[in-house]
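Student: Please take a close look at one part of this model for me: the ligand and what surrounds it. After that, go through whatever else deserves a mention.

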Amino acid sequence: MTTDAPLVELLPNVKAFIGEKRKMLIDGKWVTAKSGEFFEVVNPATGEVIAHAPSGGKADVDAAVAAAKRAFESGPWGKITPAERGKIIWRIGDLIMKYQEELAQLEALDNGKPISVARAADVVLAAELFQYMAGWCTKLDGRVLNLSVPYTPGVEYHAYTRREPVGVVAQIIPWNFPLLMAAWKLGPALASGCTVVMKLAEETPLSGLKLAEIMQEAGVPDGAVNIITGFGETCGAPLAAHPDVAKVAFTGSTEVGKLIARAASNDLKKVTLELGGKSPNIILNDADLNIAIPSAANAIFFNHGQCCCAGSRLFIQEGVYDEVVAGIAEIARNMKVGPGLDPTTEMGPLVSQVQFDRVSGFLKSGIDQGASFAAGGARVGDKGYFVAPTVITNVREDMKVYQEEIFGPVVTATRFKDADDELLRMANDTIYGLGGGVYTRDISKAHKIAARIRTGTVWINTYNIFDASMPFGGFKQSGWGREMGVEVFNNYLETKSVCVGLG
Ligand code: ADP
């Protein structure tokens, strides 16, 4: 089903923002790339160019890292009190809400996501993330230790740990949640007292550049956060390899995650990676289907399936298989597919021609390998990057659509007989380990299965619930480390032991 409501009228500020060639934020100044080059930003609903952003390269990376290094070593960020830091970070959250409509419009225009979702989820979650992290600034304490040193009898010691920021952090983010991914990474880095160079995704630089303005308005000092734009190989790669970067935080594909880990290994930088997924979503015979069917549809169709934790492999017990497949297929057929700026849109376009071609290739491989389609399977319309929400049946384990991350609104439905070891084998038979779900009314089964799914998050009778307090990240090739929650600080703080001889 396609939409036909009038598009949201862009705010004058948004028109002005996209009408002007954008600049990047380095050392508190708005600058163009040293090369003078720009790249085009495309509206995925139409394929038309809507804005221009600087094509940053190695020279710009060097300038940004130098600014972040100065700000770390002698700038005010490390010297102000934790409470002051917390107030600035809290203010970023307040200002995100002040500019919420502007941000939501930029996100819908640039990424293609429904504006209703950008308003209700991306923007609000980004604001909350900063405010959750603001509270941690005053609570990142060390411990006092009780030593029992056996080889210095009679000598007493006072020993304690300090938790200190790792230093300059490089952050490289993807295009699927441009604002929210920036928030997930910037919030904890700033709360820890680190300084940052963030490279935005070349597909979706707009909301991150607006966030950079917001950070200045909130009082983040010059150089503490530098936000740059450019391509992966020419801007991301020199950033990940820069000798003055102490830690790299990356979200994106597993393929690029491996390149980053290699680049960072030269000087043993700390690395955290939030990568791909092929998440299993299990529905048992005794599930409440009024919950399970819409939730499993949301697990794959939310954000057009462009979620690293999308519930893309559905396992349905045989007693409810037909009903669940029919239910999800009906939701798929009735979803309103249209431009992000149409307020009635439930699913927008894929982000780019590249992603459109990739997902279309997977659909073709499904057809070639003998899969059936209970819904979808093709593009929608003839312009923009729209793909119909798709439910694939007759799935075999050797099919590409079952094995590989599609990153589009495409789910495979596999029937199983018993909730036994074989089910868990199938669920865990993937190189990834990011998300997973189980739907049942039996609490024992729910917790037993949750414990055996080898992923960083398992949802029970729900899916795609995120909260700043809940750690998120992957087992296996889905990544290293966790975002959010108190666990995220393991990535941004070093622990120093201080030991005093008391005689
Ligand atoms: P996707 O495949 O979903 O587009 P990528 O992993 O390619 O995701 O991109 C995620 C982010 O990583 C983007 O900001 C992109 O520019 C960046 N990137 C891509 N290639 C590299 C690279 N070789 N080194 C560093 N960053 C890169």
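Predicted model: local features only at pLDDT ≥ 70, side-chain atom pairs only at ≥ 80, totals over all residues.

Tutor: A polar contact here is a pair of N or O atoms within 3.5 Å.

The side chain of lysine 199 places an N or O atom 2.8 Å from an oxygen atom of the ligand. Isoleucine 173 takes part through its backbone: one of its polar backbone atoms is 2.8 Å from a ligand oxygen. Alanine 237 also uses a polar backbone atom, which lies 3.4 Å from a nitrogen atom of the ligand. How much of the ligand does the protein bury? Taken alone, the ligand exposes 550 Å², and the protein buries 83% of that.

Now the shell. The ligand is surrounded by 17 residues. The closest are Ile173, Trp175, Lys199, Glu202 and Ser253. By class, the shell divides into ten nonpolar, five polar and two charged residues. Which elements each supply at least two residues of this shell? Helix H8 (232-241) does, as do strand E10 (247-251) and helix H9 (254-265).

Next, a helix pair. Helix H6 covers residues 178-192, and helix H7 covers residues 206-218. They pack at an angle of about 35 degrees, and their axes are 9 Å apart. The crossing of H6 past H7 is right-handed. On the H6 side, the contact is made by Pro178, Leu179, Ala182, Leu186 and Leu190. On the H7 side, they meet Ser207, Leu211 and Met215. By class, this contact has seven nonpolar residues, one polar residue and no charged residues.

Last, two backbone angles. Most residues other than glycine have a negative phi. Aspartate 27 has a positive phi, near 55 degrees, and is not a glycine. Its place is the loop between strand E1 (24-26) and strand E2 (29-31). Phenylalanine 407 also has a positive phi, about 60 degrees, although it is not a glycine. Phenylalanine 407 sits in the loop between helix H13 (400-403) and strand E16 (410-416).

How values were computed
Residues numbered from 1 in each chain as written. Heavy atoms only, no water. Axes fitted to C-alpha atoms, helices over the stretch in contact; angles between N-to-C directions. Helix = DSSP H or I, 4+ residues; strand = E, 2+ residues; numbered from the N terminus. Left-handed = near helix turned anticlockwise from the far one by under 90°. Contact = heavy atoms within 4.5 Å. Nonpolar A, V, L, I, M, F, W, Y, C, P; charged D, E, K, R; others polar. Near = heavy atom within 4 Å. Polar contact = N/O pair within 3.5 Å; in protein donor to acceptor, adjacent residues only side chain to side chain. Areas by Shrake-Rupley, 256 points an atom, 1.4 Å probe, with all protein chains shown as cover.
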